[in-house]
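The stops below go from a single residue to the whole assembly.

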2 protein chains.
Amino acid sequence: MQDAYGKLVERLGEVYDLGAAAGLLSWDQRTKMPAAGARARADQLATLTRLAYERFTADEIGELLEELKPYEASLDYDSDEASLVRVARRDYEKARRVPLELRAETARAAALAEPVWREARLASDFDSFLPHLERAIELKREYVACFEPYDDPYDPLLDDYEPEMKTAEVRRVFADLKAGLVPLVAAIAERSDAAEVPQLVGPFPLEAQQEVELTLLRAFGFTDEEWRLDETAHPFASKGGPQDIRLTTRHVPDSLTSLFACMHEFGHGLYEHQVDRGLYRTPLQRGASLGVHESQSRMWENMVGRSLAFWRGFYPTLQAAFPDALAGLDVDGFYRAVNRVEPSLVRIHADEVTYNLHIILRFELEQELIGGRLPAHELPAAWDARVEQYLGIEVPDVADGCLQDVHWSSGSFGYFPTYALGNVVAGQLWERIRADLPDLEQAIERGEFAPLREWLREHVHRHGRKFLPRELVERVVGAAIDPQPLLGYLRAKFGAIYGL
Amino acid sequence: MQDAYGKLVERLGEVYDLGAAAGLLSWDQRTKMPAAGARARADQLATLTRLAYERFTADEIGELLEELKPYEASLDYDSDEASLVRVARRDYEKARRVPLELRAETARAAALAEPVWREARLASDFDSFLPHLERAIELKREYVACFEPYDDPYDPLLDDYEPEMKTAEVRRVFADLKAGLVPLVAAIAERSDAAEVPQLVGPFPLEAQQEVELTLLRAFGFTDEEWRLDETAHPFASKGGPQDIRLTTRHVPDSLTSLFACMHEFGHGLYEHQVDRGLYRTPLQRGASLGVHESQSRMWENMVGRSLAFWRGFYPTLQAAFPDALAGLDVDGFYRAVNRVEPSLVRIHADEVTYNLHIILRFELEQELIGGRLPAHELPAAWDARVEQYLGIEVPDVADGCLQDVHWSSGSFGYFPTYALGNVVAGQLWERIRADLPDLEQAIERGEFAPLREWLREHVHRHGRKFLPRELVERVVGAAIDPQPLLGYLRAKFGAIYGL
C-alpha cells in the first residue's frame with residue numbers, strides 16, 4: 001500500500017513539475033518575452049499541457065487510486081495522505097470525463113476568439129464577435145454534457161473553479177448579497193452630493209510608485225529572497241515554486257491603481273507562499289479554489305489596504321513619495337478618496353461596494369446563456385437592461401458593456417462568480433480575524449502584519465487544497481458561506497464615510 | 001514512408017519543446033529567479049530533462065529511424081529531410097548507449113561537486129576538491145567505456161561537443177596553433193616595453209554602459225521585437241524560440257568587459273536567430289557544434305568588435321557615453337588598449353593571442369587525466385609547469401591555477417577545446433568573408449552590419465545542425481580545419497599594434 005502511495009506521489013510530482021514549468025513559461029510570456037516569441041511559446045505550452053494531461057489521465061493513475069481506497073479509508077480525513085488521494089481522485093475522474101478532442105477544440109476556439117474579441121471591443125462591434133461567442137457557448141454545453149447528471153447545467157462550469165459548489169447555493173448567496181447592496185448603493189448615491197470626496201489626479205511619477213510599492217510589500221512580508229515584482233499588461237500573481245512568488249503590476253502615471261494591484265496580488269502570493277511545505281509537488285500545493293484565493297487578494301487590497309488604520313500608519317510614507325499630488329491632502333481626505341463609491345460601467349474600475357453587482361449580473365447572464373434562455377445575439381440588450389436596473393446607469397457603448405471582459409472569449413464561463421464569492425468569504429474571515437486578534441487595527445496602523453499573516457497561515461493557507469471551499473469556511477468560521485458579514489462590514493465602513 | 005517521417009517529426013517536436021522549456025527555465029534561473037526558488041527549479045529541470053530523454057530514447061523512435069532508412073537513402077544528403085533523419089539517428093544511437101543510471105549519477109555528482117569547487121577555489125584548497133575531481137574522472141571513464149571501440153578514450157568526450165571530430169585531428173590543429181603562437185607571444189613580450197599601450201580604468205557608469213550596449217547591439221541587428229538583454233553572473237546566450245533570443249551580460253563599473261561580452265553573446269544569438277525557420281522544432285534548429293558556435297561569438301567580439309575599422313566608426317559614441325574616462329584618449333589609443341596582449345593567469349581575462357594557449361594546456365591535461373597518465377592529485381603541479389612553459393609566468397595560487405574554471409566540477413571534459421577550435425574556424429571564415437566582401441571594413445566603419453549578417457546566414461547559420469563541423473567548414477572554405485588563417489590574422493593585427 002505504501003508502495004502504491006509512493007508511486008502515486010511520484011507520478012503526481014511529475015505532473016506538478018510540468019504544471020510549474022508551464023506556469024513559469026506563462027509568467028515569462030506576460031512579463032519578459034519578446035513579442036515575436038509568441039508562436040514558439042504556444043507550442044511549448046501546448047506540449048507541456050498535453051504531456052501533463054496524458055500522464056495524469058493515464059490508466060495507471062486510476063489503478064493506483066483504486067488500489068489506495070482501503071488505505072485512504074484507514075486514515076484521518078484531514079491527513080495529508082487521505083486528502084491527497086481524495087483530491088487526486090476527484091481531479092482524475094473529472095479529467096477523464098472530457099475527451100481530449102473537446103479540450104483541444106476548446107483551446108483552438110479560444111485562441112481564435114481572443115484576437116477577434118480584442119478587435120471587436122476596439123471597434124465597439126458586437127456582431128463580429130457574436131459567432132465566436134456562440135461557438136464558445138456551444139462548446140461549453142458539450143463540456144457540460146460530459147458531466148451528466150447534474151442539478152443545473154451551470155454546475156459543472158462552476159465546479160471547475162469552486163469544487164463542489166452548486167449553482168443553487170451561489171444563487172442564494174448572491175440573492176442575499178444583492179438585497180443588501182442595492183439599497184446601500186442607492187443610499188450612498190443620495191449622499192454623494194453632500195459628502196465631500198476628493199479625487200486623486202496625480203502626478204504619481206513611476207519611479208516613486210515602484211519604490212513605495214516595494215516599501216509597502218516588504219512591510220506586508222515580501223522578501224527579495226523569495227519574491228519578485230514585475231510589470232505586465234494585466235496584473236496577476238504566479239509561482240515558480242513555493243519559495244518563488246511572482247507578483248505583477250501595471251503602472252499608470254495619473255493614478256495609484258498599481259499600488260492597490262500590488263496589495264491585491266500580494267494576497268494571492270501570500271496564500272501560495274504559506275501552503276504547508278509538506279504538500280510540495282502534490283495537487284494540494286495551491287489554493288483551495290479561485291473564490292478562496294480571491295478572498296485573500298481582496299482582503300489585503302480592501303480590508304487592509306483601503307482601511308483607515310492602514311493609512312494612518314502608511315500615509316506619511318506615501319505623501320513623502322508624492323509631494324506634488326498629496327501635500328495638500330490629509331489622511332482622512334485620502335482615505336475618502338480611495339473609498340469613493342460611484343456606480344460605473346467597467347468592472348475592473350469598480351469600487352468595493354458596486355463591484356459585486358457587476359459580478360452578479362454576469363452570473364445571471366451566464367446561466368441564461370448556457371441554459372439557452374438568452375440567445376447570444378440578445379446579450380447586449382440584456383446586459384444594458386441589467387446595468388440600468390442594478391447600477392442605475394446607462395451603457396452608451398458595447399465596448400464598456402458586454403464586450404468589456406476577456407473571459408467569454410476564452411470560454412471561461414463559471415469564472416465570474418468566484419470574484420464576488422471571494423469578497424463574501426473575505427467578509428466572513430475578516431469578522432473572525434477581528435474577533436481572534438483584538439489588536440488587529442492597531443497592529444496594522446503600526447505596520448505590523450505578522451499577526452495577520454500568521455492567522456491566515458494557521459487557519460487558511462497551510463491547508464492548501466486539502467479541503468473544499470465549503471469545508472474550509474465551515475472549519476474556520478463554523479458556518480456556511482454567508483454574505484451578511486461582508487454586508488455588515490460594508491455598511492459600517494461606508495456608513496461612516498458617507499454619513500448614512 | 002511520409003507517415004513514418006511525419007510521426008518522427010511529431011515526436012522530435014515534442015522533445016524540442018521540452019528542451020526549449022528547460023532552456024527558458026535555466027535562463028530564468030540565471031537572470032530572474034529569487035534565490036530561494038532553486039530547489040523547485042531543480043525538480044522542474046530534472047523532470048523536463050528526464051521526460052525528454054525518455055521520449056527521445058523510446059523504442060518507437062528507433063523503429064521509425066529504421067523504417068526511414070530507404071527514404072533517407074532516396075533523398076539528397078543536403079535535404080532537410082535526409083539531414084533530420086541522419087542527425088536524429090546519430091543522437092539516438094549515442095543516447096541509447098549510456099545507461100540512465102550513469103546519467104543520473106553524473107548529474108548527482110556534478111550537483112555535489114560544484115559547491116565544493118566554489119568553496120575550494122575561495123579557500124585555495126585543492127585537496128578538498130580532489131575527491132570530487134577523482135569521482136568526475138571516474139564517471140567520465142565509465143561514460144567513455146559506453147562507446148567502445150574508439151581510437152582514443154578522449155574521442156567520445158570531444159564528440160559530445162564537436163560531432164565526429166577526432167582527438168588526433170584536434171591534436172594536429174593545436175600543435176600547429178601552438179607552434180605559431182608561442183613565438184608570437186614571445187615577440188610581443190619583447191616589444192611590450194617599447195610599444196605604448198594605454199590602460200582603461202574607467203569610470204564607466206552602469207547606466208551609460210547599458211545604453212551604449214543597446215545602441216551597439218541594435219546596430220549589429222538586435223531588435224526589441226525578437227531579442228532581450230539581461231544581467232547575470234556568468235554571461236551566456238539562450239533562446240526561448242527562433243524569434244526569442246536572449247543575451248546576458250555582467251556589468252562592472254571600472255571596465256568595459258560587459259560591452260565585449262555583449263558582442264560575444266550577440267554572435268551566439270545571431271547564429272540561433274538565423275537558422276532556417278523550416279528547421280523549427282527539429283534537432284537541426286540550432287548551431288552545428290560548440291566550436292562553430294564559438295567561431296561566431298569570437299568573430300563578433302574580436303574580428304569585428306576589436307577591429308580598428310569598427311572603433312573608427314563607433315568610438316565617438318563610446319567617448320560621448322564615458323567622457324570622464326575617455327575624453328583624453330584617441331581612437332588609436334583606445335584600439336591599442338582593448339588589444340593589449342599580456343600573458344596572464346586567468347583564461348576568461350586572457351587576450352585574443354594568449355587565450356588559445358590557455359585552452360591548449362587544458363586540452364593536454366584533460367587527455368592525460370582521462371587516459372590515466374596524470375593522477376588527479378598531481379594536477380596542480382602539472383598545471384603550473386605548463387603555464388610556465390607556454391605563458392612564461394608563475395602560478396602563485398591554485399585558485400588562479402587549476403581551480404579557476406567550473407567545467408571539471410560539472411564533469412565537462414572535452415568542452416575546453418571547442419573554445420580554441422572556435423577561434424580557428426573564425427579565422428578561416430573571416431579570411432573567406434574578407435575575400436567575398438571586399439568592402440567589409442568600410443561597411444563596419446560605417447556601422448553597416450547587414451552584409452556580414454547576410455553572409456553568415458547564407459553560408460553558416462541557415463544550415464543549423466544539418467552538417468558536421470568538418471563538413472560545414474569544408475563547404476564554406478573548401479578546406480579542412482586549419483589554424484593558419486587565424487595565425488595570419490593575429491600576426492597581421494598584432495604585428496601592426498606592436499610593430500613586429
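**Stop 1: an arginine in chain B**

Select B:R228, which counts as buried because its relative accessibility is 16% (buried means under 20% relative accessible area, exposed over 50%, partly exposed in between, with a 1.4 Å probe and protein chains only). This is a predicted model, in which local features need pLDDT of at least 70 and side-chain atom pairs count only at pLDDT 80 or more, while totals for chains, interfaces and linings use all residues. Residues are numbered from 1 along each chain as its sequence is written, chains are lettered from A and ligands numbered from 1 in the order in which they are written, and side-chain values use heavy atoms, with hydrogens and water left out.

B:R228 belongs to strand β1 of chain B, residues 227-231 (strands are DSSP runs of E, at least two residues, numbered from the N terminus). Now show its surroundings: beyond neighbours within four places in sequence, its contacts (heavy atoms within 4.5 Å) include A:K32, A:P34, B:W27 and B:L247. A polar atom of the B:R228 side chain is 2.7 Å from the backbone oxygen of A:K32.

**Stop 2: a hairpin**

Next select residues 237-241 of chain B, strand β2, where four of five residues are buried. Strand β2 pairs antiparallel with strand β3 of chain B, residues 244-249, over four bridges (pairing needs at least two DSSP bridges). Two residues separate β2(B) and β3(B) in this hairpin. B:A237 has B:L247 as its bridge partner; B:L247 is also among the contacts of B:R228.

**Stop 3: both chains**

Terms used: Polar contact = N/O pair within 3.5 Å; in protein donor to acceptor, adjacent residues only side chain to side chain.
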